[in-house]
Structure formats: C-alpha cells, structure tokens
Amino acid sequence: MPGNSQRRGAIRKNAKGATVGSGGQRRRGLEGKGPTPKAADREYHPAHKRAKAAAKRSGSSAGGRGPSRSSSRSKASSEMVYGRNSVVEALRADVPVATMYVATRIDTDDRVREALKMATERGLAILETPRGELDRLTDGGVHQGLALQVPPYDYAHPSDLVDPEMPGIPLVVALDGITDPRNLGAIVRSVAAFGGHGVVVPERRSVGMTASAWKTSAGAAARIPVARASNLTRALEEFKKAGFFILGLDMEGDVELPDLALATEPLVIVTGSEGKGLSRLVRETCDQIVSIPMSSAVESLNAGLATGVTLYEIARQRRR
C-alpha cells in the first residue's frame, strides 16, 4: 500500500541511528569499557608526561636499579655577584665564574683594575655591557659597573658519600635547617680541616652553595663535595643501612662530647639550626644526641662553631 510505503520511508528518514540488521552494534556501544585509566597511565595526559620526566630524572629502569651518580646530581640556578668589593673578594676566593660583566665606559679604580687583572689571568670571559643591561642582570642592584655570573653548583648525591674507597673512617656532616651561607661555608672548611668526606644539605628550607658560602669555605668547597638530599630523614636512614651511626648535636644531649664512645665508627654528624635545633623526625632518626659542655654564661654556639668543635674532638679521638 502506498500509504504504508510512505510511512516506512518517513521512519527511515527521521530515525538517525536505527537501521535494520544492526546485529546489536548499538547495544554493544552502550556497554561499559571498564574503569577509566589513571591520569599517569594515559599517554597524552600531562600527568603521564610529568611521571615520565620524573622517572627519567631519577634514573629508574625496568630492572629496578636506583639512581646513578651521574643522574642524581641536581643544580640550582646561576647567581650574580655584583659590586666592586664583592667582585674582587669573589675572584680572590677563586669562586667559580662563568662570565665577568664590565660596564661600558666604567670609571676605573684599583678594585676595577685588580678585578680585570685576576679575570684575565684566570682566562674568564669578560663582556663589556651597557649599564642598562647590567641593571637588568643584577635586578636593579648597586653593581658599580662590575658583576660576575656564578654558574650553578654541581651537587653530589648523598649516596656518593658512601664510598668504601674513601681514605680513613667515613665522616659526613648533615645540616638540618641551616639558612646562613656563611655557616655552610665554615662547616665545609671544618670538614676539610678535620678529615671529613662531605656535607649533606636538604633541598628545602636550607642554604645552598652560594658564592658567599664558597668564599667562607676559603677554597675547601673545591675539595669537599656537598650533596643535596630531597628528604634528609630518608637520606640519614640510607646512611644507617650503609653502616653509619647518626649523631645529632643539641644542648640537651644523651652524652657530652668528651665522653663520646662512637668517635672511631663511621659517622654522620647532624647540626640543626640555632633557633629551632634538630627537627623532630631527624632527632628520632639519630642514634645518639651529643651536647658540647659549655660555661653557663654561654647559651649556645652557632652552627659553624659547634660543628667545628665536634669535628675536632672526633679527629682527636681517632688519632689516639
């Protein structure tokens, strides 16, 4: 019948998805496809790319090996040292320098001449730079026409300090919350003076190897590796597994320094900040808390002095 034929044609024309003999394709299309994969497992998701980059940085592999020494090093950003006195002092201290910037038409004096002489003798790159560019490079600082670009410090990994081929009994200093670069420099210098093998600093809430720390170390930073730990407590636990004893420095210690019985063992000395001391988790990780006996008139020593005194006593006991 014509009427029925027209009606069927209208139905076929208006029904967008229904076709004769679909074989259940529409029904299967409505069925679930299982749980949505995690973001990190989806190839084109930003989380997957971040996880892949993190795995590459940590040096992880299918065999489950830990990070290699070459891949475990981390670098901070470069640093600018500016001002005539600061530049001369940095050059005298052999602070590593990538480039020396000198303002165009600079008024020379003894400091400028000395800086140019030392930079030339060291074979440093010297760039004559417009003052406006120097203002930008130093973020508006008082540069007096001279500035140095200090390259990022090449930090070691804490595992680099667990080396059976190191001479003598292993001795490492770890810093917990030290923020003064001069304290770091002084501690690096003491570690070198008393036979230590390295320094560990945490990545967060801690000073790094700045030009000021390098200068205070009086050249010791060129010989003593400074390692950076993403988590100080975890790094201390790894030292424990390697056979080190962890000693924390605090005014209220379990033992006074002269009575220390562990001086001849592999040691990590942990120094806390002057204000807060050792953090709770770090203190709980320590095998022993050591105090330095002092006159009641003196409340405390700064971090650099306290570490130096402790390292001296350990070196003295090891020589007996």
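Colleague: How do strand β8 and β11 pair, and over how many bridges?

Modeller: Strand β8, residues 245-249, pairs with β11 in the parallel sense, over three bridges. This is a predicted model.

Colleague: Which residue is the bridge partner of G248 in β11?

Modeller: That is I289.

Colleague: What is the strand order of the open sheet?

Modeller: The open sheet has seven strands, in the order β7-β6-β5-β10-β8-β11-β9, with parallel pairing.

Colleague: And which strands stand at the edges?

Modeller: β7 (226-229) and β9 (255-256) do. Each has a single partner strand, so one side of each is left without a neighbour in the sheet.

Colleague: How many bridges join β5 to β6?

Modeller: Three, and the two strands run parallel. As one example, V173 has V199 in β6 as its bridge partner.

Colleague: How many residues of β6 are buried?

Modeller: Five of its five, so β6 counts as mostly covered. G198, V200 and P202 point one way from the strand, V199 and V201 point the other way, and all are buried.

Colleague: What does V199 touch, apart from its neighbours in sequence?

Modeller: Leaving aside residues within four places in sequence, V199 is in contact with L161, V173, L175, L184, I187, V188, V191, I224, P225, V226 and A227.

Colleague: How many residues are in the largest nonpolar core?

Modeller: There are 59. L184, V199 and M209 have the most contacts inside it. Apart from that core lies another, of 20 residues, with L161, V200, A235 and V268 among them.

Colleague: Moving to helices. Which strands does α7 lie across?

Modeller: α7 lies across β5 (171-176), β6 and β7, and runs at about 155° to β6. Helix α9, residues 232-241, also packs on the sheet. α9 touches β5, β6, β7, β8 and β10 (267-272), and its direction makes about 160° with that of β5.

Colleague: Now the aromatics. How many pairs are there?

Modeller: The count comes to four aromatic pairs. In one of them, the rings of F194 and Y312 have their centres 6.0 Å apart and their planes at 70°.

Colleague: Why is that pair edge-to-face?

Modeller: Because planes over 60 degrees apart count as edge-to-face, and those of F194 and Y312 are at 70°.

Colleague: Where do F194 and Y312 lie?

Modeller: F194 lies in the loop between α7 (181-193) and β6 (198-202), and Y312 lies in helix α11. The pair therefore ties together parts that are 118 residues apart in sequence. F194 is partly exposed, with a relative accessible area of 30%, and Y312 is partly exposed as well, at 41%.

Colleague: What about F239 and F244, how are their rings arranged?

Modeller: They form an edge-to-face pair, 5.1 Å centre to centre, with 75° between the planes.

Colleague: Is F239 buried or exposed?

Modeller: F239 is buried, because its relative accessibility is 2% and the cut-off for buried is under 20%. F244 also counts as buried, at 6%.

Colleague: Which residues form the aromatic cluster?

Modeller: Y153, Y155 and W214 form one cluster. The charged end of R228 sits over the ring of Y155, 4.2 Å from its centre.

Colleague: Where is R105 found?

Modeller: In the loop between β2 (99-103) and α5 (110-121). R105 counts as exposed, at 78% relative accessibility.

Colleague: And what is phi of Q144?

Modeller: Phi of Q144 is near 55°, again a positive value in a residue other than glycine. Q144 lies in the loop between α6 (131-137) and β4 (146-150). At 36% relative accessibility, Q144 counts as partly exposed.

Colleague: Last one. Where is M294 found?

Modeller: M294 is in the loop between β11 (288-291) and α11 (303-319). M294 counts as partly exposed, at 33% relative accessibility.

Colleague: What separates the C-alpha atoms of M294 and M251?

Modeller: A distance of 9.4 Å, with the two residues 43 apart along the chain.

Note on methods
Residues numbered from 1 in each chain as written. Predicted model: local features only at pLDDT ≥ 70, side-chain atom pairs only at ≥ 80, totals over all residues. Heavy atoms only, no water. Helix = DSSP H or I, 4+ residues; strand = E, 2+ residues; numbered from the N terminus. Buried < 20%, exposed > 50% of the residue type's maximum accessible area, 1.4 Å probe, protein only. Phe/Tyr/Trp six-rings, centres within 6.5 Å; stacked < 30°, edge-to-face > 60°. Lys NZ or Arg CZ within 6 Å of the ring centre and 35° of its normal. Pairing = 2+ DSSP bridges. Contact = heavy atoms within 4.5 Å. Axes fitted to C-alpha atoms, helices over the stretch in contact; angles between N-to-C directions. Core = buried A, V, L, I, M, F, W, Y, C linked by side-chain atoms within 4.5 Å.
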